[in-house]
There are 2 protein chains.
Amino acid sequence: LADRSRVEAELLFANEAFYRAFQAADSQGMAELWSEVSSVVCLHPGWPPIFGREEVLASWGRIFDNAPVSIECRSARAVALADAGFVVCFEVLPQGALIATNYFVREDGKLRLVHHQAGPAPRLPAQEKKESPPPRPN
Amino acid sequence: LADRSRVEAELLFANEAFYRAFQAADSQGMAELWSEVSSVVCLHPGWPPIFGREEVLASWGRIFDNAPVSIECRSARAVALADAGFVVCFEVLPQGALIATNYFVREDGKLRLVHHQAGPAPRLPAQEKKESPPPRPN
């Protein structure tokens, strides 16, 4: 159990690195996050599925070319598995919220992405509103 | 590599069992498919995220209560990992197509679900249209 919470913390850390690279349009950081050993898949919302490391990194390149990306990760929850695990979280974008899963496997000790899927979120969870520092008028 | 294709075949088999249980509204079959050991998560399209085996199985119960479900799995592709793996596929429903990921871990030798996410698909892949047995008029 102590080990599980350590792995969960590692997963959340890797997940934060993913959203930092995403927000910063950091192609090099994104490349370092994705597995070099496993097959990888990426399911961007509204895109056909993308298979393979080169194709997945090229898709991030196209996203990063388009504009500065404003994305915020919220309510991340990690599930630790044997030498792997995943994080489910909300992605807050100017156009609305998505719900996403990021799946990691351990590779030379480091957690690396093998799968990302994001799709429309119904609504942000209620507790997230409370977390916002400034209370909104009406 | 021989081992990888064996695991991919196992993953596709487990994935088919999932869609058989889904189509048949088979709560018992669905319960046997989900992990009893790991934490599990289910992201139904348009629903808040569901965490925990009991809550996930209850969500399938609600889906199965609603009507006979017409769902067809297409273009399934498996990615084998160490003692785990996932399948990405299209789900064809009367309302439209979804794209889904089903993540399995090995538990007492059997592949069991730890995560399901489905969201809107952009369109079905072109080769799937060719596979349909009867050609459609215009």
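Reply: Start with the contacts within chain A. Of those joining residues at least 6 apart in sequence, 47% link residues at least 24 apart. Keep in mind that this is a predicted model.

Me: What is the secondary structure of chain A, and in what pattern does it run?

Reply: Chain A has four helices and six strands. Along the sequence they read α-α-β-β-α-β-β-β-β-α. The chain has 138 residues, and 49% of them are buried.

Me: Why is A:Cys73 called partly exposed?

Reply: Its relative accessible area is 27%. Buried would need under 20%, exposed over 50%. The value of 27% falls in between, so A:Cys73 is partly exposed.

Me: Where does A:Cys73 lie, and which residues is it in contact with?

Reply: A:Cys73 belongs to strand 3 of chain A, residues 72–81. Setting aside neighbours within four places in sequence, its contacts are A:Asn15, A:Tyr19, A:Cys89 and A:Phe90. Contact here means heavy atoms within 4.5 Å. A:Ile99 is 26 residues from A:Cys73 in sequence, and their C-alpha atoms are 9.6 Å apart.

Me: What makes the phi of A:Asp108 worth a remark?

Reply: Most residues other than glycine have a negative phi. A:Asp108 is not a glycine, yet its phi is positive, about 50°. The residue sits in the loop between strand 5 (96–107) and strand 6 (110–120) of chain A.

Me: Why does A:Asp108 count as exposed?

Reply: Its relative accessibility is 85%. The cut-off for exposed is over 50%. A:Asp108 therefore counts as exposed.

Me: What about B:Asp83: where does it lie, and what is its phi?

Reply: B:Asp83 is in the loop between strand 3 and strand 4 of chain B. Its phi is near 55°, again positive in a residue other than glycine.

Me: How do you know that the two chains are related by a two-fold axis?

Reply: Superpose chain B on chain A: the rotation is 180°, the shift along the axis is 0.0 Å and the RMSD is 0.0 Å. That is the relation of a two-fold axis. Within chain B, B:Gly119 comes closest to the rotation axis, at 2.7 Å for its C-alpha. Both copies use the same surface, with 100% of the contact residues of chain B recurring in chain A.

Me: How many residues does the contact take, and what area is buried between the chains?

Reply: It takes 30 residues from chain B and 30 residues from chain A. The buried area is about 2400 Å², and carbon and sulfur atoms give 70% of that.

Me: How many salt bridges and polar contacts are there between the chains?

Reply: The count of salt bridges between chain B and chain A is zero.

Me: Which strands of chain B supply the side that touches chain A?

Reply: Strand 1 (41–43), strand 3 (72–81), strand 4 (84–93), strand 5 (96–107) and strand 6 (110–120) each supply at least two residues. Strand 6 of chain B gives the largest share, six residues. By type, this side of chain B divides into 20 nonpolar, seven polar and three charged residues.

Key: Residues are numbered from 1 along each chain as its sequence is written. Chains are lettered from A and ligands numbered from 1 in the order in which they are written. This is a predicted model: local features need pLDDT of at least 70, side-chain atom pairs count only at pLDDT 80 or more; totals for chains, interfaces and linings use all residues. Side-chain values use heavy atoms; hydrogens and water are left out. Buried means under 20% relative accessible area, exposed over 50%, partly exposed in between (1.4 Å probe, protein chains only). Buried area is the accessible area (1.4 Å probe) that two parts lose on being put together, summed over both. A salt bridge is a side-chain nitrogen of Lys or Arg within 4 Å of a carboxyl oxygen of Asp or Glu. Ala, Val, Leu, Ile, Met, Phe, Trp, Tyr, Cys and Pro count as nonpolar, Asp, Glu, Lys and Arg as charged, and the others, Gly among them, as polar. Copies are superposed by least squares on the C-alpha atoms of residues with pLDDT of at least 70 in both.
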